[in-house]
Amino acid sequence: STKKSPKDKDIVRDYFNSTGFDRWRRIYGEGGDVNRVQLDIRTGHQQTVDYVLGWFKNDKNAVGHTICDAGCGTGSLSIPLAEMGAKVYASDISEKMVGEGKSRATDPENPVFEVKDLASLSGEYDTVICLDVLIHYPDQDSEAMIAHLASLAKSRLILSFAPKNPYYVLMKKVGDMVPGPSKATRAYLHKESDVRRVLEGLGFKIKRKEFTATSFYFSRLLEAVRN
Ligand code: SAM
């Protein structure tokens, strides 16, 4: 047969423009329109966002800092960074997510939002950030994405991903057996050692790292700086 199976990217884009948009708009919001699992994920994700905001607060360097937030979603990180004085360029492959981000922003000019696949981003930024996006892509694609994002980063790349270890592999197996609407996309876990090797190969070293785990959300956060 010549039937082509759709690429992860197409599946992910469609998902975040349809049922995924509805689900994640609520998780990344503040309303009471979430179930127990979604509330747990909201709390975990906010922790990851707060770690990144905390690094900027500690360093007192947000003002004037240029940031590229790749796969920005509804602007959970981009909007507070812009409010802290950074110049934020926020893009996402889903026009629905970008539309929601725009409507949540307090300043219509910052962040600058755009619908764009991160593979076609260009320009140079002090810091490039990509939170909870690599979970949608297998290792090979993730590696190419990290390399491209690194090429846009003048001094720093901040990434988060779901780490692969025996416990989370088991949890994912159990989760995959439970039917549910969230199964529209596959979740890919990545070994931290693999991600580090990629970053080191690109001339970066890890400066700070954090880890968030709630019952249903887990994310390793790495700050990689140029050597
Ligand atoms: N980074 C945001 C945050 O932490 O709030 C959103 C995370 S959400 C789990 C994943 C986002 O990545 C979705 O908004 C999705 O549309 C976006 N995305 C997935 N693949 C992408 C790609 N190839 N280029 C740009 N954005 C992408």
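Me: Helices (H or I, at least four residues) and strands (E, at least two) are DSSP runs, numbered from the N terminus. With that in mind, where is the place of K60?

Reply: This is a predicted model. In it, K60 belongs to the loop between α3 and β1 (66-70).

Me: What is the phi of K60?

Reply: Most residues other than glycine have a negative phi. K60, however, has a positive value, near 50°.

Me: Which phi does D132 have, and where is D132 found?

Reply: D132 is not a glycine, yet its phi is positive, about 55°. The residue sits in the loop between β4 (125-130) and α6 (139-152). D132 counts as buried because it has 22 C-beta neighbours inside 10 Å.

Me: How should I read the peptide bond that joins N110 and P111?

Reply: Most peptide bonds are trans. The bond between N110 and P111 is cis, with omega about 5°. P111 itself lies in the loop between α5 (95-104) and β3 (112-115).

Me: Which residues of helix α2 are buried?

Reply: In α2 (residues 19-27), they are G20, W24 and I27. These residues are on the same side of α2, because they cover an arc of only 55° around the axis. Among the elements that cover them are α1 (8-16) and α3 (36-59).

Definitions and conventions
Residues numbered from 1 in each chain as written. Predicted model: local features only at pLDDT ≥ 70, side-chain atom pairs only at ≥ 80, totals over all residues. Buried ≥ 20, exposed ≤ 12 C-beta atoms within 10 Å, placed from the backbone. Arc of directions from axis to C-beta. Contact = placed C-beta atoms within 7 Å.
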